[in-house]
Amino acid sequence: MTAVRTSPPVGGSRVRGALGGLVSIASLGAVVWWASKQGTPKLPSGAGGLAIVAGAVLVYAVATVARGWRWHRILRKAEIPHTRADAYALLPVGYMGNTVLPARGGELLRVFLMAGRGEAKRREVLGSIVCERLIDAATLVVLFAALTWAGVAGTPLGERPALLAVILLAAGLAGVRVYLALRRRGRLQGFAERVAPLVRAGRPLLGRGGVVLAAATIGIWVLEALVLWLLGRSLSLEVSPLGACFVLVLSAFLSLVPAAPGYIGTYDAAIVFGLKGLGITGSQAVGFALLTRFVIFAPITVAGLALLMWRYGGLRRIAASR
């Protein structure tokens with residue numbers, strides 16, 4: 001019987017890491033060059049502004065808890081052994097890993113630690129994370145198309161990218177239907193056996209469960225857009241709720257591009273580009289980008305590191321699991 005390979009190919013990881021580094025360096029260089037030509041950015045300093053920033057941090061924490069609930073529901077529907085507490089706690093750990101490790105290394109942290117806590121197989125846990133990413137991507141396409149056709153921010157990219165994204169989403173859904181139809185006829189048996197752990201984790205996407213997860217995901221995106229809106233308010237910027245959602249969708253899409261740890265460069269470029277579409281440039285855009293990076297990445301990184309050390313045994317446990 002052929003042994004199943006559980007380790008990712010090293011060469012592919014190195015290529016992705018190198019590509020991500022190049023993309024981040026180019027993006028970061030462009031952002032730094034642009035920011036150096038702007039005025040001194042202003043950050044919230046008064047009690048009112050700082051209180052709004054604290055509220056934004058709290059809203060982002062609620063969105064993270066909602067993502068933990070979503071992962072727990074995916075794992076439960078797929079009958080993957082786990083505890084509810086791990087589903088919630090490993091989300092910040094994974095986000096921390098994505099901030100400090102290349103190539104979204106936080107997702108591998110979640111796979112190793114969740115599989116090491118019980119009887120779950122690594123491929124099944126990985127499949128549940130793939131399921132998360134698919135739901136994120138599909139709902140982002142819907143939001144992107146809706147905001148584009150609503151004319152938010154003057155549609156700086158035009159309508160063609162939104163139309164192309166919708167076509168790709170429809171093609172993907174049609175491909176799934178074709179695959180399921182072929183499986184019912186007994187076709188693709190060998191392929192089905194190889195991808196069985198991943199497909200099992202994707203069962204929650206089918207039927208009513210998928211609709212519930214998609215609705216919950218849109219709610220999560222709305223919460224994260226609320227974070228950006230609050231940060232704009234703390235800086236006294238004219239950012240509407242729909243405008244904040246537009247900036248969020250752009251930054252989330254750019255986060256899918258291979259990049260260095262913390263999506264450095266690509267995330268910042270998306271924020272600046274989105275703000276330009278809203279008519280916010282110069283030092284105001286620089287201040288918003290700096291404040292957004294701090295609120296989105298700093299608190300959850302600290303929380304994830306604390307959970308990693310306290311609940312999951314720190315780096316030694318990861319090394320032993322690997």
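Is Glu-132 buried or exposed, and what is its relative accessible area? Glu-132 is buried, with a relative accessible area of 1%; buried denotes under 20%, exposed over 50% and partly exposed in between (1.4 Å probe, protein chains only). The model is predicted: local features need pLDDT of at least 70, side-chain atom pairs count only at pLDDT 80 or more, and totals for chains, interfaces and linings use all residues. Residues are numbered from 1 along each chain as its sequence is written, and side-chain values use heavy atoms, with hydrogens and water left out.

**View 1. Salt bridge between Arg-133 and Glu-132.** The two side chains meet at 3.9 Å, N to O; a salt bridge is a side-chain nitrogen of Lys or Arg within 4 Å of a carboxyl oxygen of Asp or Glu. Arg-133 is partly exposed, at 23% relative accessibility.

**View 2. Salt bridge between Asp-136 and Arg-70.** The N to O distance is 2.9 Å. Asp-136 belongs to helix α5 and Arg-70 to helix α2 (residues 47–77), so the pair ties together parts 66 residues apart in sequence. Helices are DSSP runs (H or I, at least four residues), numbered from the N terminus. Both Asp-136 and Arg-70 are buried.

**View 3. Salt bridge between Arg-293 and Asp-268.** These side chains meet at 2.8 Å, N to O. Helix α12 (residues 282–311) holds Arg-293 and helix α11 (residues 266–277) holds Asp-268, so parts 25 residues apart in sequence are tied together. Arg-293 is partly exposed, with a relative accessible area of 23%, whereas Asp-268 counts as buried at 10%.

Methods:
Helix = DSSP H or I, 4+ residues; strand = E, 2+ residues; numbered from the N terminus.
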